[in-house]
Amino acid sequence: MRSLIRTNEFTLAVIAALGFAALAVATDFNLLTAGTLDAFLRFLALPIVIGLAQMVVLAVGQMNLSVGVLTGFCAMASGWLMIDAGLPAPVAVLAALALGAVVGLVNGLLVIFTRINGFIVTLATMTILEGLRYGVNGTGTYQGYSPGLREFGQASLAGVPVVFLLAVASAVAVALFFRRTVPGRHLLASGGNPFAARLSGISNDRALVLAHTLSGLLAGFAAVIVVAAFGSVNASIGDDLLLPSFAAPIIGGVALAGGMISVTGTVLAAFLVRLVDVSQSQFDINRRWVDLIIGAVVLGAVLLGQFRDKLSGGTR
Amino acid sequence: MKTETAPEASAAPPAAEPRPPTRALPVWANPRLGLLIVIAVLVALFSSLTPAFLDPRLTLAPLQADISVYAVVGLAQLAVLSLGHMNMAVGRMAALSTFAMGLAYDRLGVPLLVGLLVGLAVGAGIGALAGLLIAKTGVNSFVVTLALDFGLLGLVTILYTWATGGVSFAVQPSGLSALRFDTFADYCMGEVCGPRIPLVVPIAVAAALGVGLLFRRARLGREILMTGSNPVAAELSGIPTHRRVVAAHALSGLLAALAGFLLAANNGAFSATIGESFLLPSFLAPVLGGTLLAGGAVSVLGTALGATLTQVIYKGLNLLQFSLEELKLYIGLVLLAALSLDRLRAVLAERRAVSPS
């Protein structure tokens, strides 16, 4: 029990619950009305998935700077498939997922073949994808595509938005992958100590490629959520996703050095960031205060984690 | 065509070789030479495609001004890359510093130089704060500066709204328009006029020289490099590594502030948007120039050449009527190609050298 209380996830869960309760009271329980709660959860889906997309590469000690722009590119590509190419929605959805995975695979292959730092490789692919994302339809907006897909994006199951359930499902899948499957364990081993991993017969290269591919796939999944839930897509999608993609795992207690992840922490952190976002719109606070607060929270979370590690004498 | 590369090229010596030359590496293994050739080829290509590229007043002078800004931006990143650290807040540090400059000009009416010094002090201060947080807590520099970037992003906009009610200062300190529009060709001694080089170029050259000398000749610079190369060994040799980390980050903030000032001079306004476009170029220039992310080695000349290359591509494609977004596509491809070639060259060079490090 004590070990549970001292985990980062527990702290985050308490803060999230307190914050949610405080916000509910402060808004005269407006937050708990069906409409507001629905919107709260619907727009929580994207930060969760984007945070997970970053987390899987952090697990092997890499970074993926292209994650936000890739989401935008996949969203634009599926918009193009539905509107300009006239293909049905399921094809466009699958194409977005496949495109994300392929770009992720390319990122991974570039990292292992050139031996260049993943930060730089994804910086370069981010720049390229920015150009491609714009190239799909210029500054134009895709809207009015498949009514079925948009209805799906607005649908709710027992009062909970379906896209949110999907995001949670993907989080569970990622958690199971890292906890129960052999490739997932290999990823963590390789991230924790590449040398030891190699000596135990794990291919570090394969782990890197797999992590990047998975990250791309999750970015593609985030694109599907955007296309379904937002109802329209344009070339600016993804611009404001890069920093939140790092904020969620870092607040959630994921180590940048690799080898350690926390799916629950990442999801809870995304929840917290969303909470700050909602308070901003509820109380009509200057949008910029939110950035300031999130910056302070990220730094605070990291310092707290460091402090806790020191207290427990590094016996983690 | 030497005009825009010559000042930096002749001014800043490479601060350190990427790896100790075990047995003199072949000439073609020098990444700086490769960059120089690529720049020359691109310049020849662009000028043959569009003669406007060689227009001294409309193209070359603004190009040199742009290179000056982004070379200094690259140096700001290089200052912490020397440690193996990153500064994700480089743009926002510039924004905060130019806000301080604008405020000083607007409210206190200080002369141009005093305002610049105020801004540089603010930049160095915020950089030192980042360095202090990193050194004291041992948290990854990426996380600290990313959080700082978030925070400053909010702070800068709030400050501008508070001080100006908008997003930029209306004030024009005397001398700013000279920095913006004049070249040395406007200053004549009798019949002899200067070359058509904008007034901001010497500032950037001086900065590059200063940073180059710091890392090559000064004790402080060498100790920063050693800290970056091997923190434990540095600590054991009696180097106060924490203070060196703070110093390198303060230098990064200072250079970011200088870059912000140069951009403000080029734009003719102290506004909240300054620094928004700094992050990517800040990594492009040093990395293209052969500076590693691992720390312990820097190349100031390479950074200047890297900035030159990117700006030549931007300018050239811009003249050929490419849109900004298309430009990004090509810049990214060039970066990947350059890095892959560099890797190939390094592998080949290592095979030739007897005992690669």
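1. Confidence first. The model comes with an ipTM of 0.76 and a pTM of 0.81. For chain B the mean pLDDT is 83, with 90% of its residues at 70 or more. Keep in mind that this is a prediction, and the points below should be read that way.

2. Over residues 1-17 of chain B, pLDDT stays under 50. The model still gives that stretch 47 contacts beyond four places in sequence, and I'd handle those contacts with care.

3. Now the interface. Chain B puts 33 residues in contact with 34 residues of chain A. On the chain B side, α6 (141-164), α12 (279-288) and α14 (324-352) each supply at least two residues. The largest share comes from α6(B), with 13 residues. By class, that side of chain B has 21 nonpolar residues, eight polar ones and four charged ones.

4. Next, a helix pair within chain A. Helix α5 (residues 67-83) of chain A packs against helix α6 (residues 89-114) of chain A at an angle of about 150°, with the axes 9 Å apart. Angles over 145 degrees count as roughly antiparallel, so α5(A) and α6(A) get that label. Their crossing is right-handed.

5. What does the contact of α5(A) with α6(A) consist of? From α5(A) the residues include A:L70, A:C74, A:S78 and A:L81; from α6(A) they include A:V91, A:A92, A:A96, A:G100 and A:V103. By class, this contact has 14 nonpolar residues, two polar and no charged.

6. Chain B has a helix pair to look at as well. The axes of helix α3 (residues 56-81) of chain B and helix α13 (residues 300-319) of chain B come within 8 Å and cross at roughly 140°. With the antiparallel class starting over 145 degrees, α3(B) and α13(B) are therefore oblique to each other. This crossing is right-handed.

7. As for who touches whom here, α3(B) brings residues including B:T59, B:D66, B:Y70, B:G74 and B:L78, and α13(B) brings, among others, B:V300, B:A304, B:T308, B:Q311 and B:K315. The contact of α3(B) with α13(B) divides into ten nonpolar residues, seven polar and two charged.

8. An unreviewed UniProt entry gives "transmembrane region" for residues 33-55, 67-88, 108-135, 142-163, 197-215, 245-263 and 283-309 of chain B. Residues 142-163 of chain B are 100% helix and 0% strand, with end C-alpha atoms 31 Å apart. For residues 67-88 of chain B the figures are 68% helix and 0% strand, with the end C-alpha atoms 21 Å apart.

9. Residues 207-230 of chain A are 100% helix and 0% strand, and their end C-alpha atoms lie 34 Å apart. Residues 156-178 of chain A come out at 74% helix and 17% strand, with end C-alpha atoms 29 Å apart.

Definitions and conventions: Residues numbered from 1 in each chain as written. Chains lettered and ligands numbered in written order. Predicted model: local features only at pLDDT ≥ 70, side-chain atom pairs only at ≥ 80, totals over all residues. Contact = placed C-beta atoms within 7 Å. Helix = DSSP H or I, 4+ residues; strand = E, 2+ residues; numbered from the N terminus. Nonpolar A, V, L, I, M, F, W, Y, C, P; charged D, E, K, R; others polar. Axes fitted to C-alpha atoms, helices over the stretch in contact; angles between N-to-C directions. Parallel < 35°, antiparallel > 145°, perpendicular 65-115°, else oblique. Left-handed = near helix turned anticlockwise from the far one by under 90°. pLDDT = per-residue confidence, 0-100. UniProt positions renumbered as here; feature names shortened; annotations may be inferred.
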